[in-house]
Amino acid sequence: MPAMSATLKWGASRDISSLDPYSYGDSFALGVLNHAYEGLVRYDRHLKIEPALATSWEIVSPTTWRFKLRDGVKFHNGADFTAADVQASLLRASNPKSPLRGNIPAYRGSRVIDAHTIEIDVSANYPLLLNDLTTIYIFNAQWMKDNNAEAPTDVGSGTEGYATYHENGTGPFKVESRQPDAKTVFVKFDGWWDKPQHNIDRIELTPIASSATRVAALLAGDIDFTDQAPVQDLPRLTASPEVKVLEGTDLRTVMIGFSQRDQLLSGAPNPMKDLRVRQAMQLAIDLDLINKKVMRGKSRNAGALVAPQIPGYDAALDMPVKADPEKAKALLKEAGAEGFEFDFNCADTLVNEEQICQAVASMWSRIGLKPKLDQGTRAVQTPKRSAGKVDVYTLGWATLPMLDTYSLTSQVLHTKEGSFGIFNWGGWSDKAFDTVTEASAVELDQGKRLALEAQSLKIAKDHALMIPLHQQPLAWATRAKIHDFPLFSDNLPRLWLVKM
């Protein structure tokens, strides 16, 4: 009898916005598309960097890395993988209009040495290039040229292209079909260069926004896996003999950011430029209550902007601020900012984000502020955020793909200029902060570099630049028939390691 085809049905809380991995710096989309596209290096089961399309590398000067590329690799269309593909992909990713350019902030250029050797130039003494390259996925240069896809697409600005709806990577699975907001089907790529550790023939990714519907589908066997098991339903899922629950703490820190522009969206002067106002808004938030009532005790209250596992974390900064509404009111009065009205932009991507925002808005109302809750889908809210059309907003940051504090300090908190500050939606700018952050990027001594990163985080904390809330819970659930499903703290499933 022929072997039965192994199909894994993935019920996700949302869809990817494009088949182009460069279209938005979204870790979920990059994680999904990593099944079709690959980088020169990748993370293994323990989130340590290992070779992928590159077999080895060396630093030949303070500003140059040389990579030896894997021979015999094929793209899904049958084309051979060469250094020209890496060169073209780096040019596309670093394009000034590329939303992914912040993922390779130190990139300065590259040279093809031969068909399987390339040199990459970076700013002096940059120690994090390998981390950056984990999500710079490689396109076929000729495929891009033939399909007029050499320019990047951009979800935030609505810029689309051939790569938005078509795929041609080197990964373990290739895209068979895609219906946006309905279903994306991946099938096993028999020409993959690596030895498969999985036994999956087909992956069906179906977005199911409703948590209740997702849970019901899993219990009924209509889906085999979800990477967003609602915390309120974990007891019910655990009780089912047909379901396995995998739990941990996410690397993602949930936080709240402020506009630092002169005016609010309403045109009124912005009181949040005053440190006392930002401190008052932080003192109004009861983290313990959010943990207990909203997160069912599954989150970890945060005082720092990065999780303990992230290099650059400083335990001395990780002291959650205790709620003190009376002190908050006094600070608002002192700043002359009592009762001001502002827009509070929330999306749908964080665990229980709607409930978090409602709880925080209520806490702000109790100290006399007037938050206007703007709740919407990621697709609706992303353009507002990217354009800086926010007063206060939620943000979840796991430092992916870099897995280093520099990811946050360079992309979220640094002044928005060049490849820096891509996600600096509040318009914050402080040259002292920028100087320390940039120094951390070129310090090769690990101890000194981490100390500089901790210094950056202290500046952010002292200025109440962002309000850290918690590291959100990580909960996946699978059908019991799946017997090997590694859980990753970056919340990115790697299905090429799964056995059914």
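**Exercise 1.** Which backbone nitrogen lies 3.2 Å from a polar atom of the side chain of Ser259? Place Ser259 in the fold and work out its surroundings.

*Solution.* A quick note before we start: this is a predicted model, where local features need pLDDT of at least 70, side-chain atom pairs count only at pLDDT 80 or more, and totals for chains, interfaces and linings use all residues. Residues are numbered from 1 along each chain as its sequence is written, and side-chain values use heavy atoms, with hydrogens and water left out.

Step 1: find the spot. Ser259 sits in the loop between β12 (243-258) and α8 (275-283); helices (H or I, at least four residues) and strands (E, at least two) are DSSP runs, numbered from the N terminus.

Step 2: Ser259 is buried, at 1% relative accessible area (buried means under 20%, with a 1.4 Å probe and protein chains only).

Step 3: look at the side chain.

Step 4: Skipping neighbours within four places in sequence, Ser259 touches Asn270, Met272, Val390, Asp391 and Gly426 (contact: heavy atoms within 4.5 Å).

**Exercise 2.** Which cysteines form a disulfide, and where do they sit?

*Solution.* Step 1: apply the cut-off, a pair of cysteine sulfur atoms within 2.5 Å. That gives one disulfide: Cys346 and Cys357, with sulfurs 2.0 Å apart.

Step 1: locate the ends. Cys346 is in strand β14 (residues 341-346) and Cys357 in helix α11 (residues 353-365), eleven residues apart.

Step 2: get the handedness. The S-S bond has -105° about it, so to speak a left-handed link.

Step 3: check burial. Cys346 is buried at 0% relative accessible area, and Cys357 is buried at 0% too.

Notes:
Buried < 20%, exposed > 50% of the residue type's maximum accessible area, 1.4 Å probe, protein only.
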